[in-house]
Amino acid sequence: MVSRRVIQNLTSEFRDSFLAKLGVALVVVVVLVAIFAPFVAPHNPTQQNLDASQLPPLGFTQVEQKTTSEMVDGELQTVTVNETVEAKLEHPLGTDGLGRDMLSRVIYGARTSLIVGVLGTLFAAFVGVPVGLIAGYYRGRVDDALMRFADVSLAFPSLVLAIALIGLWGRASVPVPDPFVALGLVSGMPETFVLPGTVVVVVGIVNWVWFARIARGEALSLRDQEYVKAAKALGANDSRVVLRHVFPNAITPIIVLATVQVAAIILLESSLSFLGFSGTTLSWGFDISQGRDYISSGQWWIAGMPGLAIMISVIGINLIGDWLRDALDPGIEGEGGGA
Amino acid sequence: MTDPDLDDDVLVAVRDLSTRFFTEEGQVNAVESVSFEIRDNEVLGIVGESGSGKSVTALSIIDLVESPGRITQGEVWYRDAELAEEFRDTNASVVGDHLDLRTVPERVRGSLRGSSFSTIFQDPMSSLNPSVTVGEQIAEAVEVQRRASANPRRTRSRTAGYGLGQMIVDAVVPSRSYTSEESHARAVELLEQVGIPDPADRAEEYPHQFSGGMLQRAMIAQALAGEPDVLIADEPTTALDVTIQAQILDLLRDLQTEEGTSVVMITHDLGVIARMCDRVGVMYAGEIVERGRLEDVFDAPVHPYTQGLLGSIPDLEDPAPRLQPIEGNVPSLLDSEMPEGCYFADRCPKAMQDCLEPIAEYDAQSGSPEHAVQCVLARQEFDPALALHEDGDAEVVADE
Amino acid sequence: MSQGRFVAKRTLQGVGVVWGVVTIVFLLRFITPGSAINAVAPLDATQETREAIARELGLSKPLYVQYGEYLFDLVQGNMGFSYIRGQEVTSLVFSKVPATVELAVAATVVAIVLSIPLGVVSATRRNQPVDWLATLFSLAGISTPNFWLGIMMILVLAVQLGIFQTSGRAVAGVTVLTSLVGPRSFLDTLVLWLQHITLPAIALGTYFTALITRLTRSGMLDELGKPYVRAARAKGLPETLVRYKRTLIGGAVITEAVFSWPGLGTLVIRSINLRDWPVLQGSLIVIGTSFVLVNIVVDVVYAYLDPRVVNE
């Protein structure tokens, strides 16, 4: 449980820290944009328009070489003309190779990243925290088994383990109806949101050990607290002791870890979709891999914009993580990125 | 099954209880063949240096010895007519109204914690959960017992009517849904009973807003929540200032008189024993070396260790000459390092050749069967010719 | 505990972890959708080929026999046969190890060269512009996907400026050294090597530069002046190294993919795309085992530097 003292620390640290405010602002913006994507996005992110493909972002112009051939006096002449492609107001971040609006794609990409980040972290926490609490509380064989298993699974880098599991299990995805579109509040936007189910499960599986380790550490130290002994001596059973006296006092380091893990999982998800191991085609990592093909011809924004979006979101979350860590000082450092 | 030979006024009888810790360094005999009784309406003191096994003895009674520790033998008889009836025709040992708690299922022993046996720990500052208000914690202890007693003992479940899911929700979201209005009212009553002013307001405060003495009172209130038959107080005053110590001891004494609760007072402080107890057991290296009525043991101590302890109490009127600490330290209790004979022999100023032999049974002293001593000296006078330690510092021990 | 016993204990633990790694990798074969034979045989294999492979692998035998044989083969250095590539897995996997090690070492060099001065400057000139810049850099560094950084560097430094190559590994680092005596021109070889390795090394090294900068900075700020500063470092450093090593391999996989670097990472991704499970299993075992080995070496070296660790 979050006590009053914790909240006091958080608010005073927040008041003093510019970076904490910046982080919260960034994350709030990204979260709002992700939730209200159908209202915010100017275009349908999946709508192709080959007449307006590869438009640069506002403020940039792109010089394209166009080769035309025509018959002049019975001879085939090729003429190379430098054509300037101007940015268009309706596509402020430009368009991709198929003429899809980059701004809309970046906005919808935020949904994928955040949902995978949050669901993956929740999944990891729901598995890891109970296992860690039980292992730390009971110690003995359960604990030994957990720690050995943690050693083994930490021998594989998260990305390697994740692509191996996705490679074995396939890339299942679940189409979820977009509530705003279903209610008829907006039209012309995608009717479903594709949730990359396997990715959520896999990032949870490769990250639960971190939660188990931190919960175990907390349980190990809290179980020896006098008030835990006292509660037991006064008749509280094990589940009551763990849930009432151990878990609530272990929750702050778990929250800090969870924050760091959301950032790490967003980076992991973008790596996976960059490598083509995601189940959705509407994500930042996927767009970066598409944009990679246009790098050699100089169209940097197709890969550049989604990358900037990742950077901004992850910076925001990491700043919040720093704020929580400074305010609560649970003495942990999460894994960080690990892409 | 041995015949426990129990009087009617014996509430708890511990017989031959041993608790061992199985550590990487080896087996530690923390409690060794300890026997004593807790009678109705009395205060039993258990005194000894730190590391002598007092606290483990207390934990052994309520079956809360933690791994790697384990109770390896012994009986803990408890008088409860209802329970005895329930288990009379089972594998459990039952004699009259007494039954041996070591032979009943763990579930039953668990159900007695809080309701029959309550415990107060040494450090009040850390004995309350820092993130829950004092009143809420006491109300919870009340509620745990209320819910338990609402169910037949056989099917007792501490979570009755309160599922695991609800508990998880409560753990995350601060809420009061576990406790009821009645248990909160009872918590305030208990706080008042232990002498906390403005109990209704103080109940809303967090432990860090309480002073040490107030916290120990709150701890006692929490321990009384289940209206226990036995209150085990493990060094309840050690962490407190001297003036507060006296107040807490008076409070315990008063409660004992008013409520008729038996108290087990565990302490290293003979002053506390002298002030509080009706009977006393002296522990050394996991054994009770001397036990009996307070006046018998204090006026006519037989065991040189008891004599030494009494000698080390500062006498207010004549402090300097009597202050004689016992030399040496409590042995390690490692099984492999324990001597065959008396454990105290290497520190004992009156050790003799016979002390190196395995020790026999307890001997009655002072003409009272209750005053029992485990020492060669209970049978024979000290003979300097047979002394083990040649420096002859027998005079160190005050000879009454 | 003596140093010798510590080394022995640590090694024994390492063997246990490697055994766990091997067991999990063995079991991966059975969590594949479809039968284990599908995990091994090429997709277009005929029924006879499948049966032959099944016989060869002993797939009809009880699980524990298969497991025993698998372990037995592994101990002899036999990690199976890739029917898709028609190659021994062991030689294939180990042929890719040098490229990955080279990349990892280069990235580590980049990280160390850049991060220590950054961290020290940042901590000693606290709240000055330099500190702000270093903080900003390290924050951006741990928040940037390194594959994206790689692509952006390709854009600027390879495509626009043409200084570096966009992909591949033309010469091995070892070849640069042998060219000192060999027939090739040393300078040409060195330049060619640098043209290829610089971008991937920076792309991979940036994250670690940022990570180490943050750790050195917070480490120095928090601990300066406290009596337990050295004890805290003593406990913190191995943990940092372990995390570094773990994320380094993960990062190498994706950096290799961006720069078509012919190492273990590329092999892992390709074998998944080809559904070449024996190669995937072999790569996982090599990655997991090398991680365990490096941890043991780090711990043991550390135990010699700081004997207090032994008694932890």
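Of the 312 residues of chain C, 38% count as buried, a residue being buried if 20 or more other C-beta atoms, placed from the backbone, lie within 10 Å of its own, exposed if 12 or fewer do, and partly exposed in between. The model is predicted: local features need pLDDT of at least 70, side-chain atom pairs count only at pLDDT 80 or more, and totals for chains, interfaces and linings use all residues. Residues are numbered from 1 along each chain as its sequence is written, while chains are lettered from A and ligands numbered from 1 in the order in which they are written.

Chain C contains 12 helices and two strands, where helices (H or I, at least four residues) and strands (E, at least two) are DSSP runs numbered from the N terminus. Read from the N terminus, the order is α-α-α-α-β-β-α-α-α-α-α-α-α-α. Among contacts in chain C between residues at least 6 apart in sequence, 69% join residues at least 24 apart; two residues are in contact if their C-beta atoms, placed from the backbone, lie within 7 Å.

In chain A, strand β1 (residues 61-72) runs antiparallel to β2(A), and 12 bridges join them. Two strands pair if DSSP finds at least two bridges between them. One such bridge links A:Q65 to A:N82 of β2(A). The two strands form a hairpin with two residues between them, and A:D73 in the turn has a positive phi of about 55°. Strand β2 (residues 75-86) of chain A lies largely in the open, because the number buried among its 12 residues is zero.

Next come two helices of chain A. The axes of α2 (residues 18-35) and α12 (residues 301-328) of chain A come within 8 Å and cross at roughly 135°. Axes are lines fitted to C-alpha atoms, for helices over the stretch in contact, with angles running from 0 to 180 degrees between N-to-C directions. α2(A) and α12(A) are therefore oblique to each other; angles under 35 degrees count as roughly parallel, over 145 as roughly antiparallel, 65 to 115 as roughly perpendicular and the rest as oblique. Residues making the contact include A:L19, A:G23 and A:V30 of α2(A), and A:I312, A:G316 and A:W323 of α12(A).

Between chains, 40 residues of chain A are in contact with 43 residues of chain C. Helices α5 (140-154), α6 (158-169), α10 (238-274) and α12 of chain A each supply at least two residues of the side that touches chain C.
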